Amino acid sequence: MMTGFVALYIFLITAIAGYEIVARVPVILHTPLMSGSNFVHGIVLVGAMVALAEAHGNLQISVGFVGVVMATSNAVGGYVSTERMLEMFHGKEKK
Amino acid sequence: MGHSLTSFPLQASYFIATLLLVLGLKRMGSPRTARNGIVWAGVGMLLATLVTLAYLPGVWNFTEPASWHRLVLILVALAAGAIPAWWSGRRVPLTEMPQMVAIYNGLGGGAAAAIAAVEIYSGRAYLGSLAFPVIAVTGALIGTVAFGGSIVAFLKLQGWMGSPRISGRHVTNGILSIVVLLLTIANIFPARVPAFGLPVSSLVGVFLVASLILGIIVTLPIGGADMPVVISTYNACIGLAVGFEGFVVQNPAMIIAGTIVGAAGTLLTILMARAMNRSFMNVWFSGFGDVAAVAASGGPARVMNSMDARDAAATMAYSEDIIVVPGYGLAVAQAQHKLWEFVQMLQKRDVKVRFAVHPVAGRMPGHMSVLLAEAGVPYDLIYDLEEINSDFVNSDVSLVIGANDVVNPAARSDKSSPIYGMPILNADQAKQVLVIKRGTGAGFSGIQNELFFGANTHMVFGDAQDVIAKMISGLKEL
């Protein structure tokens, strides 16, 4: 279980790592990186799937269903849009 | 809590998936590795999704009809989310990408809120310590507000919504914030707070709807020009919300990936606001974010966008066609040798670079050509005003170094300007204009230059020699 202070330590160190990751990013990558990080939080999908699997009764199942649909849109849309934005860096690197 | 997600293959897969997501995000921060960064993260996401599906509690019991029913429901939900998102993401033109990012992002916030709602309805959120309902409900609040705001950002960027000035906005915001705060507390302690006489299930619904409305009205007055900062802020918020719900369902991949996006997104938002010459607080609390609209109605906006030398170098490294406009500032700084070194590095990256020399550049006719030749620039790269002026329209970047009056568009258009009628280089017509300049002062003629305030112009302040040296080291790091 990740609770109490262990959770707090994980939170702290992860936050610092996240900060470091973007500390020196050139301006041309701002928008693709925003899109890319949008994709990364699409990981909410795994939680949404578990929530739907464990839901009981129509209300919980309906909310869980909508949750999975939204989370999947986040992950899939996030991937496609980031990949398309980064295409401009592709042509250059082949040369 | 207490989900039966404890088997070794599952946890090991989550570990690898999280590693791929984080390293992928890291790689997306550098132009050289950005493209495979998204692939790494994508593989991580796919792994996490498949392994979660494989280990979902209670859905793989083939003898039980209820299990089958649930599995089909999950697969239908996956398809219902994936197909429209894939289709729209592929189809939408790149210019409309920012609003698509806004909407995909918002949906993630909605999903985080949905997880919280299920955990609250089922009572699981209240089984452990008080920390669980606090985190679950706070995550739902953040996710839903960001969801509402993201919808507004989408509508604004799509051009379907303006920036209405609501009278008494602050009072409305204040009242709604208090209502949402009370509902947040009521959801954390549903057993102790009378909760306006509502059963828990309705209480959650009212709370989520109120949060959604709060997100909408907070975002409404912010101008379209500031939407990238707004979207980035909500992206960070939703990352945090996902991290919070990750704690609630005890899913390590969600905790790490969500929190990292929360932190990275916060810094990214600040960097973005800075690059756009806007302050974070200004965007969120001024209520008059539409710089472009103000500029159009009330004369030219006196705002110069500035850019760091490294960023300017990166921008040029990924351009196709650059025209350099050298001026007196280059001569004064004796930076022509450094400039040529920089240009050669760009040429090695297959960037087409030409020099446009104004007849009076450097204040002595022919002065500039001599300086460039001295530095070793071949003559066939140096163009006269008449030869190159029509090419600026098709160039990606015009790099103006210490030149001012010879690129002042007022000479073309403003009859009241003392330099009206003077032939100028049309540097302002390039897709992007980068200006290396020592300070914000006016030029030799003492008049302000509209070019420096252009929407596609970025100023790189500093001595030409220093700036170009920084650009060279910036290129080496790419």
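**Close-ups of a predicted two-chain model**

**View 1. Strands 4 and 5 of chain B, side by side.** Strand 4 (residues 397–401) and strand 5 (residues 432–437) of chain B run parallel and pair over five bridges. Here strands are DSSP runs of E with at least two residues, helices are runs of H or I with at least four, and both are numbered from the N terminus; two strands pair if DSSP finds at least two bridges between them. Look for Ile401(B), whose bridge partner in strand 5 of chain B is Ile436(B). This is a predicted model, so local features need pLDDT of at least 70 and side-chain atom pairs need 80 or more, while totals for chains, interfaces and linings use all residues. Side-chain values use heavy atoms, without hydrogens or water, residues count from 1 along each chain as its sequence is written, and chains are lettered from A and ligands numbered from 1 in the order written.

**View 2. The whole sheet of chain B.** Six strands make an open, parallel sheet in the order 3-2-1-4-5-6. Strand 3 (382–384) and strand 6 (457–461) of chain B sit at the edges with a single partner strand each, so one side of each has no neighbour in the sheet. From one strand to the next, the twist averages 25 degrees.

**View 3. Helices packed on that sheet.** Helix 12 (residues 309–317) of chain B touches strand 1 (321–326), strand 4, strand 5 and strand 6 of chain B, and its direction makes about 145 degrees with that of strand 5. Helix 14 (residues 336–348) of chain B lies across strand 1, strand 2 (352–357) and strand 4, at about 145 degrees to strand 2. Axes are lines fitted to C-alpha atoms, for helices over the stretch in contact, with angles from 0 to 180 degrees between N-to-C directions; contact means heavy atoms within 4.5 Å.

**View 4. Where chain A meets chain B.** In this interface, 76 residues of chain A contact 103 residues of chain B. Together the chains bury about 8,200 Å², 77% of it on carbon and sulfur atoms (accessible area lost on being put together, 1.4 Å probe, summed over both parts).

**View 5. Salt bridges between the chains.** Three salt bridges cross the interface of chain A and chain B (a side-chain nitrogen of Lys or Arg within 4 Å of a carboxyl oxygen of Asp or Glu). Arg24(A) pairs with Glu477(B), with the closest N and O atoms 2.9 Å apart. Glu83(A) and Arg90(B) form a salt bridge too, at 2.9 Å, N to O. That pair links helix 4 of chain A to helix 3 (residues 65–91) of chain B.

How values were computed
Buried area is the accessible area (1.4 Å probe) that two parts lose on being put together, summed over both.
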